[in-house]
Amino acid sequence: MSSTAAPALHASTGGPGLPQERRLVTAVPGPRSQELLARKQAAVAVGVGVAVPVAVVAAGGGVVVDADGNSLIDLGSGIAVTSVGNAHPRVVAAVQEQVASFTHTCFTIAAYEGYVEVAEALNRLTPGDHEKRTALFNSGAEAVENAVKIARKHTGKQAVVVFDHAYHGRTNLTMALTAKNQPYKNGFGPFAPEVYRVPMSYPFRDGGLSGAEAAKRAITQIEKQVGAENTAAVLIEPIQGEGGFVVPAPGFLRALSEWATANDVVFIADEVQTGFARTGAMFASDHEGIVPDLVTTAKGMAGGLPLSAVTGRAEIMDSAHVGGLGGTYGGNPIACAAALAAIDAFEHDGFVERAAAIGEVLLGRLRAAQEHDPRIGDVRGRGAMVAIELVDPATGEPDAALTGRVVRYAYEHGVIALTAGTYGNVLRFLPPLAIDDALLHEGLDVVLEGLASA
């Protein structure tokens, strides 16, 4: 381990030149990180938590560098945001050029080409070759909320069907759509009405139901408790994110999509976390061969800048009246420039293939570990979106405490890892697609050491 001097708290040396190594100069958190966290406690609302107690000054490739000079392997990507890596050269150049031209006009006041170019790219890339339209927003929650607005306007119906373990955001409507109470919903109600929850296909926990059987269970509940004639939309993550990286059994998504089409129900795929190469395909819907009516995207799309979108069938998207969609910052020109550069990288730098290769490493090593550790109840995921579910081997009950200990061990030893799941017992792996194999294996070594020592 190096003993190089710690950079100043305000230093920034990110980008492709950042040494790709795990380096511990101090304990984590070190004194400079503790200093910032103390300031945070005095200045920032307590509800804004910090999972990894470091003050970041630089990031790039597969590492994050803190104010004490520690270099941590990044297995989280800012929750699947920095897929092309922090400070990707083309993203940096595009942002710098746009900032020098103009930072804002509000697209609904005066249009600009970047917004239109992003819409054109999304219309081309999202599943299906039908005519499409796109509207841009700022966050995944905004995209989901607008997708619901559009579906209700198009169908003239109000009910929205979501699933157990779903996560769709933190606004009032998206809190209603989200399943998990703590920390996302507790004490923040009342929530938006006309939201109905049905069972998800969760192969590890639903008794071995096939995809078709799980879909029949969900559809029967929709028909009996909601009614197709009242249902505007079925909203689902093709692979659940915060809910625990739950991959539904084959056929589940297709059966729901076919039922929606047959009943004038808009099928919305929430690809906020799964989109843009993350799962080893440009979109997770591609794995199941489904073509959603509407797709919501955000996170990885703009290389770290805030941008989201709803893309879908032209006749559905155009249901909203002029002025019914928009927002002051939606499709900000700087974020659009970043997105165009990131999308170019996704298409031409081999990131889809890289995600698939990362998945082979993650799944292979984690399944090998599972053979010798009964606390690993399940290994699942696709591409660079993989998780293990930790359980009490005697009972199969979720073990959130164990998961927390592993995450703490990981960051104390120079690796950023994240938890997930309704029960808090899922350890998820979301490395930047720019991470190299050596760092990926080293990061896994540390996490598995933490599991062994817990």
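## The second largest pocket

In this predicted model, the second largest pocket is lined by 22 residues. Phe107, Tyr115, Thr134, Ala135 and Leu325 lie nearest its centre. Two elements each give two or more residues to this lining: helix H4 (113–125) and strand E4 (132–137). E4 gives the most, with five residues. Helices (H or I, at least four residues) and strands (E, at least two) are DSSP runs, numbered from the N terminus.

The volume of the second largest pocket is about 440 Å³. Its lining divides into 11 nonpolar, nine polar and two charged residues. Here Ala, Val, Leu, Ile, Met, Phe, Trp, Tyr, Cys and Pro count as nonpolar, Asp, Glu, Lys and Arg as charged, and the others, Gly among them, as polar.

## The cavity

One cavity of 30 Å³ or more is present. The largest cavity has a volume of about 40 Å³. His165, Ala166, Tyr167, Thr178, Lys180, Tyr184, Glu242, Gly243, Gly421 and Thr422 line the largest cavity. By class, three are nonpolar, five polar and two charged.

The search used a 1 Å grid over the protein atoms alone: a cavity is a set of points where a 1.4 Å probe fits but cannot get out, and a pocket is an open set with protein on both sides within 12 Å along at least five of seven lines. Lining residues have an atom within 4 Å of a point. Grid points are joined across faces, edges and corners, and a volume is the space filled by probe spheres set on the points.

## The four-stranded sheet

An open sheet of four strands runs in the order E11-E12-E15-E14, with antiparallel pairing. Its edge strands, E11 (376–382) and E14 (418–420), each pair on one side only. From one strand to the next, the twist averages 30 degrees. E12 (residues 385–390) and E15 (residues 426–429) pair over four bridges; pairing needs at least two DSSP bridges. Ile388 has Leu427 of E15 as its bridge partner.

Helix H12 (residues 351–372) lies across E11, E12 and E15, at about 170 degrees to E11. Contact means heavy atoms within 4.5 Å. Axes are lines fitted to C-alpha atoms, for helices over the stretch in contact, and angles run from 0 to 180 degrees between N-to-C directions.

## The parallel pair

Strands E5 (residues 159–163) and E6 (residues 195–198) pair in the parallel sense over four bridges. Val160 has Val195 of E6 as its bridge partner. From E5 the chain crosses through helix H6 (residues 172–177) to E6, a right-handed β-α-β crossover. Right-handed means that, with the strands pointing away from the viewer, the path from the first strand over the helix to the second runs clockwise.

## Basis

Residues are numbered from 1 along each chain as its sequence is written, and side-chain values use heavy atoms, leaving out hydrogens and water. The model is predicted, and local features need pLDDT of at least 70, side-chain atom pairs count only at pLDDT 80 or more, and totals for chains, interfaces and linings use all residues.
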